[in-house]
Each structure stands twice: as C-alpha cells, then as structure tokens.
Amino acid sequence: MDYFYKLFLSFFIFSSLLSCASEPIDTKISLDGTWQFLASKDVETYEQQKAIKEWDSIVVPGNWDTKEKYSTYSGKAFYKRTFEVPSSWSDRHIQIHFGAVYQTAKVWLNGKLLGKHVGGYTPFEFNINQELLPDQPNELVVMADNSYKRGAWWAWGGISRTVSLEAFDKARMKYQHIDATPDFEKGQVSFVIKHAIENLSNENNEVKVMSYIDGTLLGEVPVTISSLGTIETKMSYPADLSLYKLWDLDHPNLYKLTSKLKVNGKIVHTLTDNFGIRKIEARGEQLFLNNKLLRENGLNRVHDHPKYGNTEPKHIVEADMKDIKALGGRFSRLMHAPLSKTLLDFCDREGYLLIQEIPVWGDDDPQTFKDSPLAKKWMREMIERDFNHPSVIGWSVGNELRDPEGEWEDKTLTKDQYEYINSMLDYVEELDQTRLKTYVSLTTYGKNSDLTNEPFEKLDFICINSYGDAVKAVTKTHEKFPGKPIFMSEIGRSQIGPAPDSEFSEELIADLKKLKELPYLVGVSLWSYNDYRSNYKGTPKSGFREWGVVSENREKKKAYYQIQEINKNW
C-alpha cells in the first residue's frame, strides 16, 4: 500500500507541475504601501525633485488632502519609491499599472519619463522593460497634479487606486468584453465575446483564444498577431436561454467568463471576469429590464469621506450602498465620474442599476466641443474597463451643460455644447451598442429649448436635474420632447442642512408625491445620500455641502427617515 501511495503521490506532483508549466498564472506584484511624498509649488521637473532631500511619507492608495498638513494643498506633488523585480521575470514583458491618479500624472522610472496620463478616475499603464535595472533597486517617481477641478465635489489629489507590476509572456489579452443579451422571442441567449490581444514580442505569433463560461468551453479562435500589434477577435455563440439564469434586481445572478491565450501550444495568459445575462431597453416612454417594466428610485452618492477621501475602501462602499438600498434606492447615476471597481462589483452582486458618466460638467467645461479628444479618451477608458458589469445600464456624456449667458429659464445649450453631446453620443454607439445613451440636462424644460438646440434624437432616454419645481420640469420636458422615458437623475429643493435635525422642505415632499403619478417618469434620484467636502460657491463654513440624508461621517438626519418612507410608498 505504501508503495502505491508513494507512486500515486509522485504522479500527482508531476501532473501538477506539468499543469503549472502549461498554464502559468500571470505574475503581479503590488506597489501599494508607504511611499515618499513631496508637495511643493516650487518643484516642476524630475530633476528639481531629485535635488530635494527632505521628503514626507504617505500611504498609497490614498489622498494627500486627508492629511491635515496637506488638507488644502492644490497643485503638483511627487511620489517616490524603489522596487526590485524577481530574477524569474528576466525574460518577461513587464507593465506598471495605475488604477487611477488625480488628475494629471507623469511617471519616471530610473530618471526616464515613461509618459503622461490625463484623467483622474480611469486606469493607465506603461511598458517598463527598456528602463528596468536587473538585480538592483529601481526608482519610481510619480507626479500628480490636482489643480484641474470640475463640479462641486472636492478634487482629491494623489494616487487614489492601487499600483502594481505585472509580468507577461509573448502576448496578453488587454481586455475581454462579453455581451450576453437574451432573445426572449427565440428563447436564446447570444454570447458575443471580444478580445483585445497585444503582441509583446518582435515576431509574428500564431495564437488561439479559448473562452469558457463557468468552466464550460464555448470554443476557440485561432489568429495571427503581427509584431508589437494589437488586434481584436470576436466570438459569437447562441445558446438555449432556459439553461441560464437572468441578472435582475431581485436575482443578480452572475457567471464567470474565463479566456485563455495560447501561443505555440502554451497558455501564456488567463483573464476572468464576472458578467450577467440581461437586456435593458427603452420602448416608447418606458424602460424595460428583461421584458419587465422598470420604474425605480435612487439616491446619488459622492465618492467622499473625511478619513478616506475618494479611495473607496470596501467597508465604506458596502456600508453606504447597503444603506442606500435600505432607503429604497435601486437605480441612480451616483456620481459625475467613473465609479470605483469596488462599487461596481457590489452593485453587480447585490442588484443595483447604474448610469456611468465622465466628468464633463457645467456651463464652462473646457471639453465641450465636437469630438473632444480628451472626453473621448475618458469615455473609451471607462467603457473598456467596465463593459462587463451588468449593473451598468447606461452611459452619460455630461452633466448640466448650458449657456452661461442669460436668465435661468432662458438658458439653452451653446452650439459647441450641442455638437459635443451629439458627437459623444455617436462615439458611445461605436464603443457599446448594448447599453442606453444619455446626457443630464438642465435645459430641456427651459422656455427656449426645442429640437434645434437639444440633441434629443440620439438619446435613448432623457435625464434631467431639478432644484426648483420638479413637477413643472418633468411635465415641460415631456411636453417639448415626448416619446422617450424621463429619469430625474437629481432632485432637491431648499437643500437639507446639517445633522442630525435637518429635514426636507414641504415643497420637495409635495413634488415627490406628485411625480410618482407621471407614467413617463421612470424614476427619481435624490441628490444626495451623503454630505461631501467642497470649496464650491455656497458651501457652508463647515466645508461640506450639507445636501445628504447622512452627514460626511454618515450620521443620519431626519431627512433620512423621510426619504425611506417616501420610497416605500412610491
């Protein structure tokens, strides 16, 4: 028995080693932790920071504004640390990946500029093989500049998401996207999977991509990738819908898509993403999720906390979103910027519907012109990162754009703003045809708005905000632009005030009761769930916009219980 046991054990170990050799796990090293930190308006360049001997320390991910010493600092700051790569990486292609840096980032490795990224909420990366020093410490320096501000939320500065080193073989999948849309008439679900494959070597490679759903192989696609190129592949597989469970608000069923990239018979890269099978549609003046009428309310939430800034630690995100759900929230835009992965994963698991938006906001936004390259870049980065999240049902190209001139009720979009919205809606259609397209308006209910100055035709549904007579805003919008659903993405009136005794105005309560009678209104989302730090005009001396039903520290106000009761009876 002992002999056979040893033989079996040897065979098991040998088989395991073979398995590991044929399917290597991509190597990743976290660079999170304590970095050196320098905030100085006198330092502009890498060379200047190199001469500074006195540095502070800071934790990554984090925001420097959460530290009392730097709480109001705005401008350039430098982060620095060293790292070594394992000798086993000597023949691999190594990337450095940043989850997000606000707002403008420059990155140097061993004194060489790797590049620049503009945009504070989406990921970026650089190949670092040419600059790496083998078998010795490598110096990494990151400049972050938070002087760019939009909206009334605080422009938290710094490296706000994780930083990592990732090692790859000859090729990798930059992303995989799955569209799992049910066809209820045919009783089928169509799985359409797209991969972006990057060749990291200087030679042509014959590769195969194999995709699995919960371990079941769907099929494989052979393709040739040319040297240092990126190509896209597409697989399409119809399946019997009865074999799968749909994703919806009450049953947020998730599946795992795993794709393996094989080069010369060897698996060199594996990607796994969760996804859900669901269909979102705008039909006439209603929204439908999986052929069922969708009419849900929500609360907006600002990525803001006095202790954590906008880094979105899991315990804060989950506590907030569970609380929003307890208040009757199921559908909202939440925030004027790409949301954190932690939050998206929660909404996928727990069943909450989201519209995601890029940070283009207000009457003076510099990105609002036709085919704005920076706005397109932000939209592409957001959609590429978040395509597989079933909780995301729509993309918004901007918030509260309007002509700065004239009286409030006379305002319309400027020609540039109009062309910006139309061009961005076209671009969203190029990137993702499985979700709804919108922008958030303050002008649809103005007395001068009409089809010549509102990009109505390309919208799947209309989003409006109102901080006055909300019933008038919705009915006027419907009168001018009938035939499409309306979602009130922000509502407020005589904003709430500090904790614990502040409550809604009688006018707002009356509006909310009347709004639920309008059949073309698919939902209302209160601004906001939480108070948030701000230096925008009109902010109280506390330094926080006290528009939430909870304070910045999540202390409940009387308004908290009012919205809970209102949503219960919607």
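## A first look at His195

Is His195 buried or exposed? His195 is buried, with a relative accessible area of 0%; here buried means under 20% relative accessible area, exposed means over 50%, and partly exposed lies in between, using a 1.4 Å probe and protein chains only. This residue sits in strand 14, residues 188-199. Strands (E, at least two residues) and helices (H or I, at least four residues) are DSSP runs, numbered from the N terminus. The side chain of His195 makes a polar contact with the side chain of Ser259, at 2.8 Å. A polar contact is a pair of N or O atoms within 3.5 Å; within protein, one must be able to donate a hydrogen and the other to accept it, and residues adjacent in sequence count only if both atoms are side-chain atoms.

A word on what you are looking at: this is a predicted model, in which local features need pLDDT of at least 70 and side-chain atom pairs count only at pLDDT 80 or more, while totals for chains, interfaces and linings use all residues. Residues are numbered from 1 along each chain as its sequence is written, and side-chain values use heavy atoms, with hydrogens and water left out.

Two strands count as paired if DSSP finds at least two bridges between them. Strand 14 and strand 17 are joined in the antiparallel sense over 11 bridges. Within that pairing, Ile193 has Met235 of strand 17 as its bridge partner.

Strand 15 (residues 205-213) pairs with strand 16 over 9 bridges, in the antiparallel sense. Val207 has Val223, in strand 16, as its bridge partner.

## Strand 30 and its parallel partners

Strand 29 (residues 486-491) pairs with strand 30 in the parallel sense over 4 bridges, and the bridge partner of Phe487 in strand 30 is Gly523.

Strand 23 (residues 298-299) also runs parallel to strand 30, joined to it by 2 bridges. There, Gly298 stands opposite Ser525 of strand 30.

## Cavities inside

How many cavities of 30 Å³ or more does a search of the whole structure find? The search finds 7. On a 1 Å grid over the protein atoms alone, a cavity is a set of points where a 1.4 Å probe fits but cannot get out, and lining residues have an atom within 4 Å of a point. Grid points are joined across faces, edges and corners, and a volume is the space filled by probe spheres set on the points.

The largest cavity holds about 100 Å³ of space. Its lining has 13 residues, of which Ile178, Ala180, Gly276, Arg278 and Arg435 lie nearest the centre. Strand 13 (residues 171-183) gives the most to this lining, with 4 residues. By class, the lining divides into 5 nonpolar, 5 polar and 3 charged residues; Ala, Val, Leu, Ile, Met, Phe, Trp, Tyr, Cys and Pro count as nonpolar, Asp, Glu, Lys and Arg as charged, and the others, Gly among them, as polar. The second largest cavity has a volume of about 60 Å³, and Arg402 and Trp408 are among the residues that line it.

## An open pocket and an exposed proline

A pocket is an open set of points with protein on both sides within 12 Å along at least five of seven lines. The second largest pocket has about 530 Å³ of space. Of its 23 lining residues, Trp361, Glu400, Arg402, Tyr536 and Arg545 are the closest to its centre.

Pro134 lies in the loop between strand 9 (124-127) and strand 10 (138-145), and counts as exposed at 56% relative accessibility. The C-alpha atoms of Pro134 and Ser87 are separated by 7.7 Å, with the two residues 47 apart along the chain.
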